[in-house]
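This report goes through one structure by element and by site.

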Amino acid sequence: MSDIHQGMHIKTISTDDGREVNLRYPSWGDEEGMRDFINSVSAEDTFITFSGETVNPEDEHVYLTRMFSGMDEEDTILIIAVVKDQVVGSVSIERKTDGRRRSRHVSVFGISIRAEYRGIGLGEAMARTAIDEAGKRLPELKMITLSVYSLNERAHNLYVKLGFKEYGRLPGGVWYRDQYIDEILMYRELGSAY
Ligand SMILES: CC(C)(COP(=O)(O)OP(=O)(O)OC[C@H]1O[C@@H](n2cnc3c(N)ncnc32)[C@H](O)[C@@H]1OP(=O)(O)O)[C@@H](O)C(=O)NCCC(=O)NCCS
């Protein structure tokens with residue numbers, strides 16, 4: 001059983017432009033704030049899987065139920081970035097459990113940040129924090145994988161900076177704003193140096 005408890009504070013960071021952001025685990029009290037956050041990013045039609053769909057309260061409840069259960073089972077890390085009670089970002093690392101014991105050492109990474117908080121060092125700080133937490137709290141985890149859209153230069157640069165390496169590419173694997181673009185697949189050994 002995990003020793004993560006709901007709402008647990010991890011650290012307070014200062015962004016490049018001097019804003020204070022709390023990084024912590026979510027609690028059920030964040031349900032509405034997290035829904036508002038994901039809907040703001042979805043509405044942008046940016047480089048995440050949501051492209052304008054609205055997440056309703058039931059969807060959010062199902063998502064958070066899955067994430068809390070994953071955290072209890074030591075399979076999941078979900079960290080939110082909070083500024084004065086507003087959720088401004090979220091980052092997750094989820095163990096692959098669909099392959100049973102064959103792929104329990106492999107996980108999938110995801111991150112997004114509200115538009116007003118990008119480009120000020122928050123993504124890097126959140127990603128490093130999630131990787132550190134995964135190393136401490138997800139036993140036997142060895143690898144983090146992710147997929148990034150080929151036009152998402154900012155995220156791609158961040159991942160390269162963090163030591164992720166490309167292991168494949170699905171040409172035309174993503175329908176993005178009226179065109180098919182490549183999906184780039186990347187991985188990083190959990191214990192490797194930055
Ligand atoms: C991708 C995302 C998480 C990056 O987080 P961020 O807070 O904006 O990035 P940071 O400010 O921490 O910058 C980290 C690195 O990213 C790269 N980067 C940041 N802004 C950039 C820009 N405008 N252009 C190109 N690269 C950029 C740089 O390598 C930067 O490191 P450096 O400052 O040492 O050069 C964030 O922009 C985001 O949520 N975007 C929308 C959703 C998304 O794309 N999610 C990822 C899906 S794979």
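Helix H1 covers residues 31–43, and its length can be checked against its residue count. At 1.5 Å a residue, its 13 residues should span 18 Å, and the end C-alpha atoms are 18 Å apart, so the two agree. The model in which this holds is a predicted one.

The buried residues of H1 are Glu 31, Met 34, Arg 35, Phe 37, Ile 38, Asn 39, Val 41 and Ser 42. Their cover includes helix H2 (57–72) together with strand E3 (76–83), strand E4 (86–95) and strand E5 (106–113). Ser 42, found in helix H1, has a relative accessibility of 0% and therefore counts as buried, the cut-off being under 20%. Leaving out residues up to four places away in sequence, Ser 42 touches Ile 48, Phe 50, Ser 51, Gly 52 and Glu 53. Just after H1, Asp 45 takes a positive phi of about 55°.

Strand E4, part of the cover of H1, holds Ile 93. Is Ile 93 buried or exposed? Its relative accessible area is 0%, so Ile 93 is buried. Residues up to four places away in sequence again aside, Ile 93 touches Asp 75, Thr 76, Ile 77, Ser 107, Val 108, Phe 109, Ala 130, Ile 131, Ala 134, Leu 138, Leu 141 and Ile 144.

Next come the surroundings of the ligand. How many residues surround the ligand, and which are the closest? There are 21 residues around the ligand, the closest being Ile 113, Gly 121, Gly 123, Asn 152 and Lys 161.

| Residue | Protein atom | Ligand atom | Distance |
|---|---|---|---|
| Ile 113 | polar backbone atom | oxygen | 2.8 Å |
| Arg 118 | N or O atom in the side chain | nitrogen | 3.4 Å |
| Asn 152 | polar side-chain atom | oxygen | 2.8 Å |

Taken alone, the ligand exposes 920 Å², and the protein buries 75% of that.

The last topic is the aromatic rings. A pair of such rings is described by the distance of the centres and the angle of the planes. With ring centres within 6.5 Å as the criterion, the count comes to 8 aromatic pairs. One of them is edge-to-face: Phe 109 and Tyr 159, at 5.9 Å centre to centre with 85° between the planes. Because Phe 109 lies in strand E5 and Tyr 159 in helix H4 (residues 153–161), this pair ties together parts that are 50 residues apart in sequence. Phe 109 counts as buried at 7% relative accessibility, and Tyr 159 is buried with a relative accessible area of 7%.

Phe 109 also pairs with Phe 164; that pair is tilted, at 6.0 Å centre to centre and 55° between the planes. Phe 164 sits in the loop between H4 and strand E7 (165–176), so its pairing with Phe 109 in strand E5 ties together parts that are 55 residues apart in sequence. At 3% relative accessibility, Phe 164 counts as buried. Phe 109 is also among the residues that Ile 93 touches. Elsewhere in the list of rings, Phe 47, Tyr 149 and Tyr 176 form one aromatic cluster.

Methods. Residues numbered from 1 in each chain as written. Predicted model: local features only at pLDDT ≥ 70, side-chain atom pairs only at ≥ 80, totals over all residues. Heavy atoms only, no water. Helix = DSSP H or I, 4+ residues; strand = E, 2+ residues; numbered from the N terminus. Expected span 1.5 Å × (residues − 1). Buried < 20%, exposed > 50% of the residue type's maximum accessible area, 1.4 Å probe, protein only. Contact = heavy atoms within 4.5 Å. Near = heavy atom within 4 Å. Polar contact = N/O pair within 3.5 Å; in protein donor to acceptor, adjacent residues only side chain to side chain. Areas by Shrake-Rupley, 256 points an atom, 1.4 Å probe, with all protein chains shown as cover. Phe/Tyr/Trp six-rings, centres within 6.5 Å; stacked < 30°, edge-to-face > 60°.
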